[in-house]
Amino acid sequence: MDEETTGNTEAPRPRGIHRAWWVAGAAALAIVVAGAFSTMPGILMNPLQQEFHWSRGTIGVASAVNMVLYGLTAPFAAALMDRFGIRRVVVAALGTVAAGSLLTTVMTAPWQFTLFWGFLVGLGTGSMAMAFGATVTNRWFTTRRGLVTGILSSGSVFGQMVFLPALAWTIDHYDWRPALVTLALVALAVTPVIWLVLRDHPADIGRSPYGSTEFVPKPPPVGGVARRTLAVLRDAARTKPFWLLAGAFAICGATTNGIMWTHFTPAAHDHGMAITTASTLLALIGVFNVFGTIASGWLTDRKDARRLLAVYFALRGVLLVLLPLMMAATVNPAMMVFVVAFGLLDLATVPPVIALCRTFYGDDSAIVFGWVNAAHQVGAALAAFLGGAARDAFGSYDPVWLLLGAACALAALVSLTIRRAPAHGYRPPSPSPPDASAGGQDRAPAQVPPGRRQP
């Protein structure tokens, strides 16, 4: 008799460590590797300028394309995971970033840098962004979701923290090409681990999600996922809170990924600081990111998310305005204060923005946040490009820090104007019917007897 006949839907308890934790570990490994790619433009800026004599604005174009694609890819990568499976999409993404990194070592023209690093690496890393972590968490866990989400969210920062000093040392002592080859080899090395450990759904191995006593059948492929993603954007874009959140988060991206992760190292080098030292400071900012994000999540559960955002942006703006006064050839106490404070504030904006999306958009909040995060990356891209162009024009980054400090003040005011009530007139799009034609080897049957394991 099958499961539906007996009515027995209780899954056996796995012995030892639940497979969900191994899946989360594999996902974290992929996110860590993807995070290592995000800070490379900052330490590539000076070597590329010296070898090819390209302007910083020209180099910044590739960084801008990379950041835009990183943001725009995430919502659609989630749709691809629903269609083809998590494992296939992540393995393809790792292969894409490895190919982009290797091809960058043989480039001879700026357009090639934009194609290889901007397009290929941006496409690959965007497929392993927050949407990937959320998908793994939702499928494999029914309890401890907040903990797992926090761990996976910090994976990108951890990748920056671990790899950045080593990559900067490699560039300083050898060349920029060995650093990129190293990254590509790391991506290729973890690919077999991802393929062996990562699974699309607990039902693939006849298990229930972590924390669940009920067997959860694997849902059939759903057609029109990409169409629904665009429909959510269309409906959310008709509401005022969406644009306020997107605008504030665009400034967030400009003042973090856009300027800090791309231009902090060359800006510090302008003041005589060694590239390795500046990259180490940037990695330390990543260390304090983890603590700041956890603390912000704790505060978001207890305080008004709008006011938290306003405070975070205001403090960040003050730090950016004061940064030119702290820059020096050596590390000083003022610079260490900046590193700690900016690190605590860097990712602190994420929990309040997610909470506000949940308040306004309910079940569609994850998709809406994906689009808000795309605005974050657009802001980052503009800052990456315009920051380099401003350095070429003025010979200094000082005007950039002042302008972005003022932008943070604007974001603080915008955050306070977001009203408490849910967005009036928001209507969730109707779900698309199941895609009966979306078969494939990566899709298991909808029902798997709980005692049966799949290889």
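This briefing describes the fold, the confidence and some selected residues of one protein chain. The model is predicted, so local features are reported only at a pLDDT of at least 70 and side-chain atom pairs only at pLDDT 80 or more, while totals for chains, interfaces and linings use all residues. Residues are numbered from 1 along each chain as its sequence is written, and side-chain values use heavy atoms, with hydrogens and water left out. The protein chain has 19 helices and zero strands. Helices (H or I, at least four residues) and strands (E, at least two) are DSSP runs, numbered from the N terminus.

**Confidence**

- The average pLDDT of the protein chain is 81, and 86% of the residues score at least 70; pLDDT is the predictor's confidence in each residue, from 0 to 100.
- Helix α1 (residues 3–6) has the lowest confidence, with a mean of 38, and helix α19 (residues 398–417) has the highest, at 94.
- Residues 1–12 have a pLDDT below 50, and the model gives this stretch 21 contacts beyond near neighbours in sequence. Contact means heavy atoms within 4.5 Å.
- Over residues 434–455 the pLDDT also stays under 50, and here the model has 58 contacts beyond four places in sequence.

**The chain as a whole**

- Of the 455 residues in the protein chain, 54% are buried. Buried means under 20% relative accessible area, exposed means over 50%, and partly exposed is in between (1.4 Å probe, protein chains only).
- The protein chain exposes about 19100 Å², and carbon and sulfur atoms supply 66% of this area. Accessible areas come from the Shrake-Rupley method with a 1.4 Å probe; for residues, only the protein chains shown count as cover.
- Among contacts between residues at least 6 apart in sequence, 85% join residues at least 24 apart.

**A pair of helices: α13 and α14**

- The axes of helix α13 (residues 260–270) and helix α14 (residues 275–300) come within 8 Å and cross at roughly 140 degrees. Axes are lines fitted to C-alpha atoms, for helices over the stretch in contact, and angles run from 0 to 180 degrees between N-to-C directions.
- The crossing of α13 and α14 is right-handed. A crossing is left-handed if the near helix is turned anticlockwise from the far one by less than a right angle, and right-handed if clockwise.
- Residues making the contact include Trp261, Phe264 and Ala268 of α13 and Ala278, Leu282 and Ile285 of α14.
- By class, this contact has nine nonpolar, five polar and no charged residues. Ala, Val, Leu, Ile, Met, Phe, Trp, Tyr, Cys and Pro count as nonpolar, Asp, Glu, Lys and Arg as charged, and the others, Gly among them, as polar.

**Buried residues**

- Thr104 lies in helix α5 (residues 86–104) and is buried, with a relative accessible area of 0%. Leaving aside neighbours within four places in sequence, Thr104 is in contact with Phe113, Phe116, Trp117, Trp176 and Leu180.
- Gly85 sits in the loop between α4 and α5 and is buried, with a relative accessible area of 0%. Gly85 and Asp200 are 115 residues apart in sequence, and their C-alpha atoms are 5.5 Å apart in space.
- Val32 belongs to helix α2 (residues 19–38) and is buried at a relative accessible area of 14%. Its contacts, leaving aside neighbours within four places in sequence, are Gly155, Phe158, Gly159 and Phe163.
- Arg391 is in helix α18 (residues 365–394) and counts as buried at 17% relative accessibility. Not counting residues up to four places away in sequence, Arg391 touches Arg56, Asp270, Ser396 and Tyr397.

**Partly exposed and exposed residues**

- Ala99, in helix α5, counts as partly exposed at 33% relative accessibility. Ala99 and Ala184 are 85 residues apart in sequence and 7.2 Å apart in space, C-alpha to C-alpha.
- Leu322, in helix α15 (residues 305–326), is partly exposed, with a relative accessible area of 36%. The C-alpha atoms of Leu322 and Asp398, 76 residues apart along the chain, are separated by 9.8 Å.
- His53 is in the loop between α3 (40–52) and α4 (56–84) and is exposed, with a relative accessible area of 67%. Its phi is near 60 degrees, a positive value in a residue other than glycine. Most residues other than glycine have a negative phi.
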